Amino acid sequence: MTGLTQRRREPGEQPRSTDGGPAHLDLDDLETRARSALPAEVFDYYAGGADAEVTLGEAPQAWRSWRLRPRVLRGVDHADLTTTLLGTPAATPVGVAPWAYQGMAHPDGELATARAAAGAGALLTVSTSATHTVEEVASASAGAPAWFQLYRQHSPVHTDDLARRAGAAGYRALVLTVDLPVLGRRRRDLRNDFALPAGLRMANQPAPGGAPAEPGPPWTAADIGRFADLSGLPVVVKGVLRGDDALACVRAGASAVWVSTHGGRQVDLVVPSAHALPEVVDAVLGEPGPDGADVEVYVDGGVRSGTDALVALALGARAVFVGRPTVWGLATGGAAGVRAVLDGLSAELAHAMLLCGVASPADAGPDLLVRSGWLPR
Ligand SMILES: Cc1cc2nc3c(=O)[nH]c(=O)nc-3n(C[C@H](O)[C@H](O)[C@H](O)COP(=O)(O)O)c2cc1C
Ligand SMILES: CCCCCCC(=O)C(=O)O
């Protein structure tokens with residue numbers, strides 16, 4: 001439970017929420033500090049998007065094109081953030097999106113992020129392009145639930161091996177990222193002639209240093225069932241922006257779909273996640289997954305506050321994931337930095353839920369929202 005109640009602070013005590021999280025999470029300040037802490041081309045790789053970065057810039061704004069309609073007189077005196085994701089319990093519906101090459105942000109890389117997520121009770125998604133192995137990150141999670149994100153490798157044997165290892169290492173789901181058949185055109189990286197630092201460990205994709213790895217052949221719908229069988233794990237398809245694609249994923253055996261623009265890093269001018277989400281939710285609403293349970297929908301992209309997260313839950317997402325905020329947390333404070341971001345966002349979400357009369361993530365629904373006519377769309 002992450003209820004917020006007021007308590008008088010001791011003289012000299014820093015403001016904190018009652019659950020120990022920061023009283024105020026300033027992600028803009030964190031990003032500024034990360035920019036100073038990182039080499040300029042590494043910061044650009046993490047921060048940047050595709051082409052003119054229109055999608056990147058629109059993502060946070062898109063959540064803010066909705067307005068909340070708080071419920072009052074409902075007797076909601078605390079907000080319980082606990083949920084289940086594909087049957088796995090989580091303390092919060094705010095999870096960590098997979099992001100690559102974390103060893104450039106902090107020497108402990110994915111191990112630090114894993115410890116932070118475990119401490120926060122937040123679901124962790126580990127990228128194929130990690131600087132620690134599938135197994136090393138699983139053991140840093142110390143039994144806390146995590147998912148493994150799979151990119152197809154050039155060698156089919158290698159891809160199959162990663163899927164099997166994820167199952168054997170105790171990950172709870174396999175996330176197939178389908179929006180990266182090739183790398184997007186990232187102007188900042190082209191301008192910087194960005195190359196991965198020499199010696200950066202490509203733990204799951206042994207390759208010489210240089211430009212970020214190119215993926216193997218694109219996924220097809222037939223891969224969904226095949227990789228569920230190979231890994232023994234439920235499959236989540238990440239990078240879906242259309243209802244028809246979402247339904248095709250479900251019919252092919254996906255247990256969940258994850259609405260995402262890949263942080264605006266792949267195709268520019270794509271529909272923001274906040275606007276694609278309702279179409280995807282409508283398309284798969286009530287559809288059973290392979291185990292008969294309802295298919296779940298998740299979302300990421302530009303979620304920067306508790307109210308953004310509440311809008312996403314109200315639109316039908318079961319969980320929201322954050323990428324860059326955790327990058328800035330890791331770069332500036334290692335595991336503690338990531339933990340502060342996750343706790344801060346969850347505390348903000350709990351606060352927004354209380355103020356809107358929402359007792360739990362499942363209690364959030366479209367009645368909470370209106371698209372305001374006077375706002376620019
Ligand atoms: C630096 C960086 C690396 C990423 N690497 C991966 C990856 O390896 N696999 C993947 O599925 N998505 C990857 N993503 C996309 C994220 O999972 C997520 O979709 C996106 O960051 C969410 O948007 P946000 O950063 O605005 O929160 C990456 C994103 C960033 C910023
Ligand atoms: C095998 C593909 C590597 C992709 C690099 C990581 C990534 O997803 C990104 O957005 O950057």
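## Contacts along the chain

Let's start with how the sequence folds back on itself: of the contacts between residues at least 6 apart in sequence, 74% join residues at least 24 apart. Keep in mind that this is a predicted model.

## Overall build

The protein holds 12 helices and 12 strands. Its radius of gyration is 20 Å, close to the 21 Å that the globule rule gives for 377 residues, so the protein is as compact as a globular protein of that length.

If you are setting up a box, the C-alpha atoms fill one of roughly 60 × 50 × 45 Å along the principal axes. Buried residues account for 53% of the 377 residues.

Helix α6 covers residues 156-168 and helix α8 covers residues 221-231; the two pack with their axes 8 Å apart, at an angle of about 50°. That angle is why α6 counts as oblique to α8.

On the α6 side, the contact is made by D160, A163, R164, A166 and G167. Helix α8 contributes F227, L230 and S231.

## Around ligand 1

Ligand 1 is surrounded by 23 residues. The closest of them are A97, S127, T177, G263 and G323.

What is the make-up of the shell around ligand 1, in nonpolar, polar and charged residues? The shell divides into 10 polar, 9 nonpolar and 4 charged residues.

Note on methods: Residues are numbered from 1 along each chain as its sequence is written. Chains are lettered from A and ligands numbered from 1 in the order in which they are written. This is a predicted model: local features need pLDDT of at least 70, side-chain atom pairs count only at pLDDT 80 or more; totals for chains, interfaces and linings use all residues. A residue is near a molecule or strand if its C-beta atom, placed from the backbone, lies within 6 Å of it. Ala, Val, Leu, Ile, Met, Phe, Trp, Tyr, Cys and Pro count as nonpolar, Asp, Glu, Lys and Arg as charged, and the others, Gly among them, as polar. Axes are lines fitted to C-alpha atoms, for helices over the stretch in contact, and angles run from 0 to 180 degrees between N-to-C directions. Helices (H or I, at least four residues) and strands (E, at least two) are DSSP runs, numbered from the N terminus. Angles under 35 degrees count as roughly parallel, over 145 as roughly antiparallel, 65 to 115 as roughly perpendicular and the rest as oblique. Two residues are in contact if their C-beta atoms, placed from the backbone, lie within 7 Å. The radius of gyration is taken over C-alpha atoms; the globule rule is 2.2 Å times the number of residues to the power 0.38. A residue is buried if 20 or more other C-beta atoms lie within 10 Å of its own, exposed if 12 or fewer, and partly exposed in between; C-beta atoms are placed from the backbone.
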